[in-house]
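Hi,

Here is the model I promised to pass on to you.

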Amino acid sequence: MSFRAFSDYLLLEKNYSPLTLKAYLADLQAFQKFIVLEFQENTINDVNYQQIRNWIVSLVESGVSNRSINRKTSSLNTYYKFLLKINTITVNPLNKHKALKVSKKIQVPFSEGELHQVLDELNSVTDFEGLRNRLIIELFYATGIRRIELVELRLSDVDMSNRTLKVLGKRNKERLIPLLDSVIKTIETYLGQRNNLEIIIDDSCLFLTKKGVKIYETLVYRIINDYFSKVSTKVKRSPHILRHSFATHLLNQGANLNAVKELLGHSSLAATQIYTHNSIAELKKVYTNTHPRSKK
């Protein structure tokens, strides 16, 4: 069956990004394949909750995490809400479904010392890739942007005179983030090397490979993991941990939670509050190290 109307709805009315749209459609297609194989149904429009439950059980048995299963069922739920909206169905089969329990993972940010070590190592680089990698790390830590947001940055998104960066976030929401003078300096130096590349294919993109094409997400992950594996023993060394470090360090320094929310591009404070765990840990550390009764 075709999901064209649903795709148009997500893209045009809900303003979802092409990446999110792709994930939703993949979930629907996977469920449709299951329904065809298990129940010989040609459409997922008329399924009942028990059939969906069987799919969930099969995912659990296949080792899919509860978090991933919740995301997949959320895709289905959005689809059925759309069918209700256009009067294709009268009852959402997921209307009484409860999400599976997931363990809350506290992401451990990089320390300020670890960040200084990595940036100090890159302080003297002059080649294109070295400067690009330094700028990637600086931008993650100085702005808190997401990996996909960094990959999609255009030259026109950098406003050198106003020292701001325009970022296109989830659901195509734009936000402006101020840039530190040190980051502006690194951008200028990087652009000098970028302009000297022999071939530039994706000329509107800010970040390129040495072959002149737009940088890609797995390369960005590899860059972060490679540099931070030299200074950190943390299990996760990813762009998201740099984003987490940005938020945590700002909050530790007394930044307003609402301001951090805007910088991160979160739609609600609840999404930002996950970053306060480490701020509280920092407060406890200060408390136990300084309170007169803590050593008794």
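A word on conventions to begin with. This is a predicted model, so local features need pLDDT of at least 70 and side-chain atom pairs count only at pLDDT 80 or more, while totals for chains, interfaces and linings use all residues. Residues are numbered from 1 along each chain as its sequence is written, and side-chain values use heavy atoms, with hydrogens and water left out.

**The whole chain**

The chain holds 13 helices and 3 strands; these are DSSP runs numbered from the N terminus, with helices being H or I of at least four residues and strands E of at least two. Its C-alpha atoms fill a box of roughly 65 × 65 × 35 Å along the principal axes. Of the 296 residues, 42% count as buried (under 20% relative accessible area, with exposed over 50% and partly exposed in between; 1.4 Å probe, protein chains only). The accessible surface is about 17000 Å², and carbon and sulfur atoms account for 51% of that (Shrake-Rupley method, 1.4 Å probe; for residues, only the protein chains shown count as cover).

Taking contacts (heavy atoms within 4.5 Å) between residues at least 6 apart in sequence, 58% join residues at least 24 apart. On charges, there are 43 positive and 28 negative ones, and their mean positions are 9 Å apart. Here Lys and Arg count as positive and Asp and Glu as negative, leaving out His and the chain ends, and each charge is placed at NZ of Lys, CZ of Arg, CG of Asp or CD of Glu.

**Two helix pairs**

The axes of α2 (residues 18-39) and α3 (residues 49-61) come within 11 Å and cross at roughly 105°. That makes α2 roughly perpendicular to α3. Axes are lines fitted to C-alpha atoms, for helices over the stretch in contact, with angles from 0 to 180 degrees between N-to-C directions; under 35 degrees counts as roughly parallel, over 145 as roughly antiparallel, 65 to 115 as roughly perpendicular and the rest as oblique. On the α2 side the contact includes F31, F34 and F39, and on the α3 side W55 is one of the partners.

For α6 (residues 128-143) and α10 (residues 239-252), the axes come within 7 Å and cross at roughly 40°, so this pair is oblique. I137, F140, Y141, A142 and T143 of α6 meet P239, L242, S245, F246 and H249 of α10.

**Single residues**

I145 sits in the loop between α6 and α7 (147-151) and is buried, at 0% relative accessibility. Leaving aside residues up to four places away in sequence, I145 touches F140, L150, L153, V167, R175, I177 and R243. V167 lies 22 residues from I145 along the chain, with 7.8 Å between their C-alpha atoms.

Q40 is in the loop between α2 and α3 and is exposed at 57% relative accessibility. R163 is in the loop between β1 (158-159) and β2 (164-168) and counts as partly exposed at 36%.

Lastly, S62 is in the loop between α3 and α4 (66-85) and is exposed, with a relative accessible area of 61%.

Best wishes
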